[in-house]
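Have a look at the picture, then read on.

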Amino acid sequence: MVNYYLTLNLMINPRLELEVNKTGSFSFEIYPSHPKYNAIKKLTSIIEVYQRGTLIFRGRVLNDNTRFDNRKSVHVEGELAYLNDSIQRPYEYSGSVVGYLDMLIN
């Protein structure tokens with residue numbers, strides 16, 4: 001996993017969407033002159049958004065499309081979406097909800 005710290009003033013049209021109990025999303029565009037332009041890769045790059053030093057969003061790059069002017073449009077899905085990638089076989093579980101979620105994440 002690789003974290004990238006993108007400077008907001010080098011990004012175009014940043015848009016962060018946060019909702020309770022939803023994965024959330026972050027989208028932005030960058031030009032080839034951005035130092036991390038070529039480092040952003042689908043499903044492997046982790047993007048974090050901070051507000052006044054506090055982490056408010058973290059997720060992975062879902063799509064990165066290059067436009068005709070070489071501007072890259074990037075769409076990031078929130079961490080909760082990682083759970084969509086898991087497959088759980090049918091089984092019985094007895095215990096707490098916290099214990100169940102810990103088991104799934106591990």
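Is Lys-72 buried or exposed? Lys-72 is buried, because its relative accessible area is 7% and buried means under 20%, exposed over 50% and partly exposed in between, with a 1.4 Å probe and protein chains only. This is a predicted model, in which local features need pLDDT of at least 70 and side-chain atom pairs count only at pLDDT 80 or more, while totals for chains, interfaces and linings use all residues. Residues are numbered from 1 along each chain as its sequence is written, and side-chain values use heavy atoms, with hydrogens and water left out.

**Lys-72 and its surroundings**

- Lys-72 lies in strand β6; strands (E, at least two residues) and helices (H or I, at least four) are DSSP runs numbered from the N terminus.
- The side chain of Lys-72 reaches the backbone oxygen of Tyr-37 at 2.8 Å.
- Lys-72 also lies over the face of Tyr-37, 4.5 Å from the ring centre; a charge sits over a ring if NZ of Lys or CZ of Arg is within 6 Å of the ring centre and within 35 degrees of the ring normal.
- Leaving aside neighbours within four places in sequence, Lys-72 is in contact with residues including Phe-28, Ile-30, Tyr-37, Ile-40 and Asp-64, where contact means heavy atoms within 4.5 Å.
- From Lys-72 to His-34 there are 38 residues in sequence and 10 Å in space, C-alpha to C-alpha.

**Strand pairing around β6**

- Strand β6 is largely enclosed by the rest of the structure, because five of its seven residues are buried.
- β3 and β6 run antiparallel and are joined by six bridges; two strands pair if DSSP finds at least two bridges between them.
- Within β6, Val-76 is the bridge partner of Phe-26.
- β5 and β6 also run antiparallel, and seven bridges join them.
- The hairpin of β5 and β6 has five residues between the strands, and Asn-70 takes a positive phi near 70 degrees there.

**The nonpolar core**

- Which residues make up the largest nonpolar core? Its twelve residues are Met-11, Phe-26, Phe-28, Ile-30, Tyr-37, Ile-40, Ile-47, Val-49, Phe-57, Val-61, Val-74 and Val-76.
- A nonpolar core is a set of buried Ala, Val, Leu, Ile, Met, Phe, Trp, Tyr and Cys residues joined through side-chain atoms within 4.5 Å.
- Two or more residues of this core come from each of β3 (25–30), β4, β5 and β6 (72–78).
- β3 gives the largest share of this core, three residues.

**Aromatic rings**

- How many aromatic pairs does a search of the whole structure find? The search finds three, counting rings of Phe, Tyr and Trp (its six-membered ring) whose centres lie within 6.5 Å, with planes under 30 degrees apart called stacked, over 60 edge-to-face and the rest tilted.
- The Phe-26 and Phe-28 pair is tilted because its planes meet at 35 degrees, with ring centres 5.2 Å apart.
- Phe-26 is buried at a relative accessible area of 7%, and Phe-28 is buried at 2%.
- Tyr-93 and Tyr-100 form a tilted pair too, 5.4 Å centre to centre with 55 degrees between the planes.
- Tyr-93 is partly exposed at 35% relative accessible area, and Tyr-100 is partly exposed at 29%.
- One aromatic cluster is formed by Phe-26, Phe-28 and Phe-57.

- Glu-48 lies in strand β4 (residues 45–51) and counts as buried at 13% relative accessibility.
- The side chain of Glu-48 makes a polar contact with the side chain of Tyr-50 at 2.8 Å, and another of 3.0 Å joins the side chains of Glu-48 and Arg-58.
- A polar contact is a pair of N or O atoms within 3.5 Å; within protein, one must be able to donate a hydrogen and the other to accept it, and residues adjacent in sequence count only if both atoms are side-chain atoms.
- Glu-48 and Phe-26 are 22 residues apart along the chain, and their C-alpha atoms are separated by 9.4 Å.
- Arg-60 is in strand β5 (residues 54–66) and counts as buried at 12% relative accessibility.
- Arg-60 stands opposite Glu-77 in β6, and a polar contact of 2.7 Å joins the side chains of Arg-60 and Glu-77.
- Leaving aside neighbours within four places in sequence, the contacts of Arg-60 include Leu-43, His-75, Glu-77, Tyr-82 and Asp-85.
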